[in-house]
Amino acid sequence: MRLIRNIAFYFAFYIGSLLITSASLIALAFSVEAFRRRVRNWAQWQRWCLINLLGCELVLEGAPLEEPVLYAIKHESFFEAIDAPALFDTPSVFAKQELFNIPLWGRAAASFGLVPVAREAGAKALMQMIRSAKALVADGRPLVIFPEGTRVPHGEVRPLQSGFAGLYKMLGLPVVPVAVNSGPVYHKRLKRPGRIIYRFGEPIPPGLPRPEIEKRVLAAINALNEEGL
């Protein structure tokens, strides 16, 4: 049964993804808003396949805030990266600069409002990134970052990327840490039924020293690990 579910999931998700992403690129030529709706449709399609084909349950403990903040999300699988437009209202996600160099994808990412992160960039590029992020916040967009910088297997705790604390300081925004336990369900090629939980932590105010903000975010995004979920 698990194998059959996986075959159905991969077939439906990737065929649907091809159709939706193609429609989104066509929409981009006419309307940015229509394009963004298609991106949200892609995230919603992944959720539908997860629940109805893999037999998973998606649970939200808490919810996004009304005002724009910086969401720091645990990263265990591709699920939460694709799911962001379904979880938040038109989020602006911090993404690697290299992704913006991919033909078509780069233009689409910029049009959606993703923020490029050049890890080796100088002060000028860094300030441009901060200006872009603040402009998106002023437009009412929530900011999303995966502060570990890469996927981390469920149960492992790794230090946050060094740039996270600097970004937190320069943006001057509250941080809402979000734990997610998608790894055991979604990380492997052969996915399995289970429960994926998002747990929204309490907002952390701006202005804290680097050791404190890193400690609090790290503890909150790994809260589901500690409970053995």
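**Figure 1. Contacts and overall dimensions of the predicted chain.** Of the contacts (heavy atoms within 4.5 Å) between residues at least 6 apart in sequence, 75% join residues at least 24 apart. The structure is a predicted model, in which local features need pLDDT of at least 70 and side-chain atom pairs count only at pLDDT 80 or more, whereas totals for chains, interfaces and linings use all residues. Residues are numbered from 1 along each chain as its sequence is written, and side-chain values use heavy atoms, with hydrogens and water left out. The chain contains nine helices and seven strands; these are DSSP runs numbered from the N terminus, helices being H or I of at least four residues and strands E of at least two. Along the principal axes, the C-alpha atoms fill a box of roughly 50 × 45 × 30 Å.

Figure 2. Buried residues account for 45% of the 229 residues; buried means under 20% relative accessible area, exposed over 50%, and partly exposed in between (1.4 Å probe, protein chains only). The chain exposes about 11800 Å², of which carbon and sulfur atoms supply 60%, as computed by the Shrake-Rupley method with a 1.4 Å probe; for residues, only the protein chains shown count as cover. There are 27 positive and 19 negative side chains, and the centres of the two sets lie 7 Å apart. Lys and Arg count as positive and Asp and Glu as negative, while His and the chain ends are not counted; each charge is placed at NZ of Lys, CZ of Arg, CG of Asp or CD of Glu.

**Figure 3. Cys49 and Cys56.** A disulfide is a pair of cysteine sulfur atoms within 2.5 Å, and the count by this rule is zero. The cysteine sulfur closest to that of Cys49 belongs to Cys56, at 11 Å, which is too far for a bond. Cys49 is buried at 0% relative accessible area, and Cys56 is buried at 5%.

Figure 4. Val152 lies in the loop between strand S5 (143-145) and helix H6 (163-171) and is buried, with a relative accessible area of 1%. Beyond its neighbours within four places in sequence, Val152 contacts Lys74, His75, Glu76 and Arg158. Although Val152 and Lys74 are 78 residues apart along the chain, their C-alpha atoms are separated by 8.2 Å. Asn225, in helix H9 (residues 223-226), counts as buried at 15% relative accessibility. Leaving out residues up to four places away in sequence, Asn225 touches Lys74, Glu76, His154, Gly155 and Glu156.

**Figure 5. Backbone at Thr90.** Thr90 is found in the loop between helix H3 (78-87) and strand S3 (92-96). The phi angle of Thr90 is near 50 degrees, a positive value in a residue other than glycine. With 24% relative accessibility, Thr90 counts as partly exposed.

**Figure 6. Gly106 in helix H4.** Gly106 belongs to helix H4 (residues 105-112) and counts as buried at 6% relative accessibility. Its contacts, not counting residues up to four places away in sequence, are with Leu99 and Phe100. The C-alpha atoms of Gly106 and Pro116, 10 residues apart along the chain, are separated by 9.7 Å.
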